[in-house]
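Here is a short briefing for a reader new to this structure. Please look over the sequence and the model before reading on.

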Amino acid sequence: MNAVNQVVKVGIADLKIATTPDILRTTGLGSCVGVVIYDLPLKLAGMAHVMLPDSTLTRTGELNKMKYADTAIDMLMEKLIAQGARKFALKAKIAGGAQMFSFSTSSDMMRVGTRNVEAVITRLKDSRIPIVAQEVGGNNGRTIEFSIDTGKLKIRTVNMGESEI
């Protein structure tokens, strides 16, 4: 009997774990970054939809750890390892981090997409998880789908078509 692919939807400031034959999908990646961490031989993967680079800048009472690069990546790794992933086998693919609007100021605070990408790359490097492929930057939104079976990340970019990394 063949297993049926189920699409596991990851919302904004959300993360999910899944196994083959499921597909992880997130939409609405503008300045946000989609982070996929996976253990391909075990057919186990997780995806986070990161909205902001740094949780330490938040001023609100309750912190959504899935919203920030620094906390979401740690949480995603912990969940994968709890499900049996092997730390040494983890790899990552990332997409997103577009500059959706142009600003007349050169303020770094307005470069959310770039800051998100930098924060994700730094956190993955600090966690010793290699980024094997990435499609970041630009000015267009993206939808991404990760096939846990093949390890391919399909990227649909607004007005640019589809690619696979």
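**Strands and sheets**

Four bridges join strand β9 (residues 153-157) to β10, and the two run antiparallel. The model is a predicted one.

**The open sheet**

- β9 and β10 belong to an open sheet of five strands, in the order β1-β3-β8-β9-β10.
- The pairing in this sheet is mixed.
- β1 (7-9) and β10 (161-164) stand at the edges.
- Each edge strand has a single partner strand, so one side of each is left without a neighbour in the sheet.
- From one strand to the next, the twist averages 20 degrees.
- Lys154 has Glu164, in β10, as its bridge partner.
- As a general point, strands of a sheet pair through backbone hydrogen bonds, either parallel or antiparallel.

**Glu145 in strand β8**

- Glu145 lies in strand β8.
- Is Glu145 buried or exposed? Its relative accessible area is 11%, and the cut-off for buried is under 20%, so Glu145 counts as buried.
- The side chain of Glu145 makes a polar contact with the side chain of Arg25, at 2.6 Å.

- Strand β6 (residues 91-96) is mostly covered, with five of its six residues buried.
- β4 and β6 run antiparallel and are joined by six bridges.
- Val33 stands opposite Gly96 of β6.
- β6 also pairs with strand β7 (residues 131-136), here in the parallel sense and over five bridges.
- Ala92 stands opposite Ile131 of β7.

**The aromatic pair**

- How many aromatic pairs are there? The count comes to one aromatic pair.
- The ring centres of Tyr38 and Phe146 are 5.0 Å apart and the planes meet at 40 degrees, so the pair is tilted.
- Tyr38 lies in strand β4 (residues 33-39) and Phe146 in strand β8 (residues 142-147), so the pair ties together parts that are 108 residues apart in sequence.
- Tyr38 and Phe146 are both buried.

**Loops and backbone angles**

- Where does Pro21 lie? Pro21 is in the loop between β2 (15-19) and β3 (23-29).
- The peptide bond from Thr20 to Pro21 is cis, with omega near 10 degrees.
- Arg128 is found in the loop between α2 (112-126) and β7.
- Phi of Arg128 is near 60 degrees, which is a positive value in a residue other than glycine.
- Arg128 has 73% relative accessibility, and the cut-off for exposed is over 50%, so Arg128 counts as exposed.
- Asn159 is found in the loop between β9 and β10.
- Phi of Asn159 is near 65 degrees, again a positive value in a residue other than glycine.
- At 74% relative accessibility, Asn159 counts as exposed.

Key. Residues numbered from 1 in each chain as written. Predicted model: local features only at pLDDT ≥ 70, side-chain atom pairs only at ≥ 80, totals over all residues. Heavy atoms only, no water. Phe/Tyr/Trp six-rings, centres within 6.5 Å; stacked < 30°, edge-to-face > 60°. Buried < 20%, exposed > 50% of the residue type's maximum accessible area, 1.4 Å probe, protein only. Pairing = 2+ DSSP bridges. Axes fitted to C-alpha atoms, helices over the stretch in contact; angles between N-to-C directions. Polar contact = N/O pair within 3.5 Å; in protein donor to acceptor, adjacent residues only side chain to side chain.
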